[in-house]
Amino acid sequence: MIPFSIAITPRVLHFKQPAGTSRSIYHTRRLWLLTLTSDEKPEVRGVGECAPLPGLSCDDLPGYENVLRSACDEFSVKGQIDYDRLRPYPSILFGLETALKQWQADGSTALSSTAFARGEKGIPINGLVWMGTFEEMCHRIEEKIEQGFRCIKLKVGAIDFEREVDLIRSIRQHFTKEQIELRLDANGGFSADEALPRLDRLARFDIHSIEQPIRQDQWAAMAEICRSSPIPIALDEELIGINQQGQKEELLDRLQPAYIILKPSLHGGMYGATEWIGLARQRNIDSWITSALESNVGLNSIAHFAATVYGDDMKMPQGLGTGQLFTDNIPMPLTIKGEQLWYSPSF
């Protein structure tokens, strides 16, 4: 057993432009950085990030900092992560996992043994277009296409639906589904009654998938939508707070989505996300991994995790294009080139 010390540093990052979803608009991002050290290797540090999303994370609770301090103290004494105890606290679990991985890598930010970590291959990612006015979203779409993205993810459900349809129609008038893959993310913005009629209208535009069309915890309605939708359904928020294996199995069996989308900070850390992916594969449900507006510390960890889970030849674009959202992000050897995220091992 190795005794560790963990320093906890709160930090606030600032968005370059407001990050809007159908739920809320983020201007800042609060997080806690964990710095792991030990007497065994005093020159080595491991840094992790704990960043629950306000109003969304299951562990965004009063007294969060006290729970974080207690979890770090327990880890420092035991020298290992208590995964079962931390299942209800995915952002804390993810922070500890990341810090420990970097410490085990002798302080290197290369957190995997993959072609991505060696700088030999990039990870395909989607171009994310945040909600805004019709004109703002049109401009952002044009920017993503000019940058070389061939998979565009649009946040929908905030502006007038007819305007959103016009926006999507304009894309398809210029680009086929072979040229541009379109993913939609409603963040639960549709009502249960209006969801299927809206999905029927959107389906004519060759949509790859739509995330969380209605708010979570409406299992009967969501099961019907997953069964009847002409657009494949991807679940995201629906997975939040479902932390035990039996609960995960029940959700997948009852709802039977086409895809699940894993955010380690929200869905059980890398430990819990791996469990989700394994259970989904057993049921022929596909998946991809995205960040949850973490700093580059969290993004780097998630990218190496995705490279490990899906292998060097992954084809499915991941949701890892969030590193350029902040004015004061933490430096990390990550670069977006065209539609791929690259890691520089010489950093």
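**View A. The open sheet of seven strands.** In this predicted model, an open sheet of seven strands runs in the order β5-β6-β7-β8-β9-β10-β11 with parallel pairing, where strands are DSSP runs of E of at least two residues, helices are runs of H or I of at least four, both numbered from the N terminus, and two strands pair if DSSP finds at least two bridges between them. The edge strands, each pairing on one side only, are β5 and β11 (286-289), and from one strand to the next the twist averages 25°. Strands of a sheet pair through backbone hydrogen bonds, either parallel or antiparallel.

**View B. The pairing of β10 with β11.** Strand β10 (residues 259-262) pairs with β11 in the parallel sense over four bridges, and Ile261 has Trp288 of β11 as its bridge partner.

**View C. Two helices packed on the sheet.** Helix α5 (residues 161-174) packs on the sheet and touches β6 (151-155), β7 (181-185) and β8 (207-211), contact meaning heavy atoms within 4.5 Å. The direction of α5 makes about 170° with that of β7; axes are lines fitted to C-alpha atoms, for helices over the stretch in contact, and angles run from 0 to 180 degrees between N-to-C directions. Helix α9 (residues 269-282) also packs on the sheet, where α9 touches β10 and β11, and its direction makes about 170° with that of β10.

**View D. The largest pocket.** About 350 Å³ of space lies in the largest pocket, a pocket being an open set of points on a 1 Å grid over the protein atoms alone, where a 1.4 Å probe fits and protein lies on both sides within 12 Å along at least five of seven lines; the volume is the space filled by probe spheres set on the points, which are joined across faces, edges and corners. Of the 16 lining residues, Gln17, Leu128, Lys144, Gln324 and Leu325 are the closest to the pocket centre, lining residues having an atom within 4 Å of a point. At least two lining residues come from each of β1 (4-20), β5 (127-129) and α4 (134-146), with the largest share, four residues, from β1.

**View E. The second largest pocket.** The second largest pocket holds about 260 Å³ of space, and of the 17 residues that line it, Val47, Gln102, Thr109, Val297 and Met332 are the closest to its centre. Helix α10 (296-310) gives the largest share of this lining, three residues.

**Notes.** Residues are numbered from 1 along each chain as its sequence is written, and side-chain values use heavy atoms, with hydrogens and water left out. In this predicted model, local features need pLDDT of at least 70 and side-chain atom pairs count only at pLDDT 80 or more, whereas totals for chains, interfaces and linings use all residues.
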